[in-house]
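Biologist: I have a model open and want to learn how to read it. Where do we begin?

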Amino acid sequence: MMFASLLLAIVPVVTLAQDDGSPAPAPPASESLALERINQYRALAGVPPMAAHPALKEAAAGHVRYYEANQGAEGLAGLGLHEQDPAAPGFTGVEMDDRAKAAGYDAGTVTENAGFGRLDAAVEWYIGTVNHRLPLLHPSALDVGMAHSPTAGFGIVDVGLRRDRLDVELPSVYPPHGAADVPTEWDGAETPDPAPGVPRPLGYPITAAFARYQQVAWVTTELRDAAGTPLEVSSPRTDWMRAVAIIPHRPLVSGQTYTARVEAIVDDATVTKAWSFTTRP
């Protein structure tokens, strides 16, 4: 597992109330720790914290129950971990958005991360990737619901991306400006592959994202070393998220400062952001 070892501030966990106004039961420890950890990373990225949402929690719990009931079924692997068969026991919705709507969530567009192991440990792996990092650190990702099966080890993180106006500097980026001890490489072991055909290991991935309510056309993405030399990179976009990644084709050099730069046309205005980070010694 590769992730940035950055100084993190302690962020309180959101506590929900039940319909009768009484405090909701405390979530399992791994869920509480996972939400805390996500919000620590979000603070580093300069975006608002996520809040636990009961409908997304129910959608995630329903999908975990579905996995428990159908564990070992053909197709329930890889990207198939995000889908359900209407004919299978425990069915709550074919796609993640279907399941969220069935649970009562209508505040935003839903995406999800699926994996195995404790949720708080999974967050660390997600942050070191591209496709799984974006849902957790996106500026518009304000709602979350998590569930985990202690028997199957399967866990789901459902994220709701809203169109609320945000009073933060955009794009948000990770690793953030001034980050130190950033990993030098990444195995790229993620589905779908964000850098197909590029030999492994890769350099540590960088991501940038605007808010969902913005219209974004990416113009330039680049990464330069301490001497100002541009590196060979892949720059896959996730257009519906208004996001882009910068993936170095080779591992970065230890103890060196790199400068990333992105430029985009955002709501008919040119926005440029350049920032620097330093790799671990």
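This is a predicted model: local features need pLDDT of at least 70, side-chain atom pairs count only at pLDDT 80 or more; totals for chains, interfaces and linings use all residues.

Biologist: Where is histidine 177 found?

Modeller: In the loop between β5 and β6 (185-186). Leaving aside residues up to four places away in sequence, histidine 177 touches Trp275 and Ser276. Histidine 177 and leucine 137 are 40 residues apart along the chain, and their C-alpha atoms are 15 Å apart.

Biologist: Now take threonine 111. Is it buried or exposed?

Modeller: Buried, because its relative accessibility is 12% and the cut-off for buried is under 20%. Threonine 111 sits in strand β2 (residues 109-116).

Biologist: Which residues does threonine 111 touch?

Modeller: Again, set aside residues up to four places away in sequence. Threonine 111 then touches Met96, Pro135, Val157, Asp158, Val159, Leu161, Trp240 and Met241.

Biologist: How do I read a whole helix? Take α4: how many of its residues are buried?

Modeller: First, the general idea. An α-helix has 3.6 residues a turn, so residues three or four places apart point the same way. Now the case here. Helix α4 (residues 119-127) has nine residues, and seven of them are buried, so the rest of the structure largely encloses it. The buried ones are Leu119, Asp120, Ala122, Val123, Glu124, Tyr126 and Ile127.

Biologist: What covers the buried residues of α4?

Modeller: The cover includes two helices, α1 (29-45) and α5 (133-137). It also includes the strands β2, β3 (141-148), β4 (154-161) and β5 (172-174).

Biologist: And aromatic rings? How are the rings of tryptophan 125 and tyrosine 126 arranged?

Modeller: Look at the distance between ring centres, then at the angle between planes. Centres within 6.5 Å make a pair. By this rule there are seven aromatic pairs. In the pair of tryptophan 125 and tyrosine 126, the centres are 5.9 Å apart and the planes stand at 70°, so the pair is edge-to-face. Tyrosine 126 is buried, at 3% relative accessibility. Tryptophan 125 is partly exposed, at 26% relative accessible area.

Biologist: What kind of pair do phenylalanine 210 and tryptophan 218 form?

Modeller: A tilted one, with 5.4 Å from centre to centre and 45° between the planes. Both phenylalanine 210 and tryptophan 218 are buried. Rings can also form clusters: Tyr67, Phe116 and Phe154 make up one.

Biologist: Let's zoom out. How many helices and strands does the protein have?

Modeller: Five helices and 14 strands. The radius of gyration is 19 Å, close to the 19 Å that the globule rule gives for 281 residues, so the protein is as compact as a globular protein of that length. Along its principal axes, the C-alpha trace spans about 60 × 40 × 35 Å.

Biologist: What share of the 281 residues counts as buried?

Modeller: 49%. Of the contacts between residues at least 6 apart in sequence, 68% join residues at least 24 apart.

Conventions: Residues are numbered from 1 along each chain as its sequence is written. Side-chain values use heavy atoms; hydrogens and water are left out. Rings of Phe, Tyr and Trp (its six-membered ring) pair if their centres lie within 6.5 Å; planes under 30 degrees apart count as stacked, over 60 as edge-to-face and the rest as tilted. Buried means under 20% relative accessible area, exposed over 50%, partly exposed in between (1.4 Å probe, protein chains only). Helices (H or I, at least four residues) and strands (E, at least two) are DSSP runs, numbered from the N terminus. The radius of gyration is taken over C-alpha atoms; the globule rule is 2.2 Å times the number of residues to the power 0.38. Contact means heavy atoms within 4.5 Å.
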